[in-house]
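Subject: Structure handover

Dear colleague,

Here is the structure we discussed. My notes on it follow below.

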Amino acid sequence: RRIQSASHSLAVPLLEPSAGAPPDLWSREYIAMYAHYACIGIVDGLLSQSLLPYCLYVAMGAPNTCATATTYINLPWGYKIAYGILSDCVPIAGLRRKPYLVLGWMATWVGAVVLALLPAISLPLASSIFLVMTLAYLLADCAADASLVEYSAMEPAASRGSILSTAYLIRYSLNVLSGARPLVGTLTVLTQITIVLLTLSSSGPTDPRSDAHLDPEPAIFLA
């Protein structure tokens with residue numbers, strides 16, 4: 001009985017189809033969402049591909065040390081559930097998504113600027129900055145994923161999932177292209193573009209859960 005009770009209390013309700021037409025994510029009010037996924041693809045690819053060669057050929061670290069450092073910067077991926085719960089249950093200024101998107105990308109941008117300005121970076125410092133940047137962009141990513149799930153609930157049954165599919169197509173396409181070294185400079189540029197687009201889109205209804213006081217029991221999105 002206790003097991004069944006615990007299982008029932010932990011059950012996550014599925015989002016029911018919502019009334020109304022889904023938003024056009026290519027419009028000015030929503031384009032920041034697709035820009036976000038482009039940034040995720042670039043940043044994820046660059047961070048995962050840059051630390052290992054830096055450790056081996058610049059810091060001259062031992063192979064086992066470099067492998068450990070690569071695992072270390074990916075630790076935040078194991079806590080995505082916490083970021084999803086955070087954006088669901090702790091609104092900022094009445095908003096559940098946009099503040100986390102902006103804060104996450106601002107922190108990522110600061111980390112990129114610090115890396116660019118430091119004349120010399122030790123392996124422990126580089127690993128720590130990469131870790132903070134990973135945590136920051138995942139905070140933004142979980143909030144964006146939750147928003148897209150809510151938007152997908154507005155899609156008709158025949159085309160449901162197209163918003164998510166397009167977003168992840170953009171993400172993984174840019175993730176593959178991030179292996180090209182000339183794209184390294186786009187890390188800071190794309191994060192800046194995302195922040196600007198999020199600011200410009202503030203006039204539109206970009207946060208379907210902006211009325212936090214009307215949503216006392218949010219359906220937690222487990223990213």
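Buried means under 20% relative accessible area, exposed over 50%, and partly exposed in between, using a 1.4 Å probe and protein chains only. The model is predicted, so local features need pLDDT of at least 70 and side-chain atom pairs count only at pLDDT 80 or more, while totals for chains, interfaces and linings use all residues. Residues are numbered from 1 along each chain as its sequence is written, and side-chain values use heavy atoms, with hydrogens and water left out.

Ala 107 is found in helix H5; helices are DSSP runs of H or I, at least four residues, numbered from the N terminus. Ala 107 is partly exposed, at a relative accessible area of 32%. Its C-alpha atom is separated by 8.1 Å from that of Val 132, 25 residues apart along the chain.

H5 and H6 pack at an angle of about 155 degrees, with their axes 8 Å apart. Axes are lines fitted to C-alpha atoms over the stretch in contact, and angles run from 0 to 180 degrees between N-to-C directions. The two helices H5 and H6 are therefore roughly antiparallel, the word for angles over 145 degrees. Residues of H5 that meet H6 include Trp 105, Ala 107 and Thr 108, and those on the H6 side include Met 133 and Tyr 137; contact means heavy atoms within 4.5 Å. Of the residues in this contact, 16 are nonpolar, three polar and none charged. Nonpolar covers Ala, Val, Leu, Ile, Met, Phe, Trp, Tyr, Cys and Pro, charged covers Asp, Glu, Lys and Arg, and the others, Gly among them, are polar.

Regards

Key
Parallel < 35°, antiparallel > 145°, perpendicular 65-115°, else oblique.
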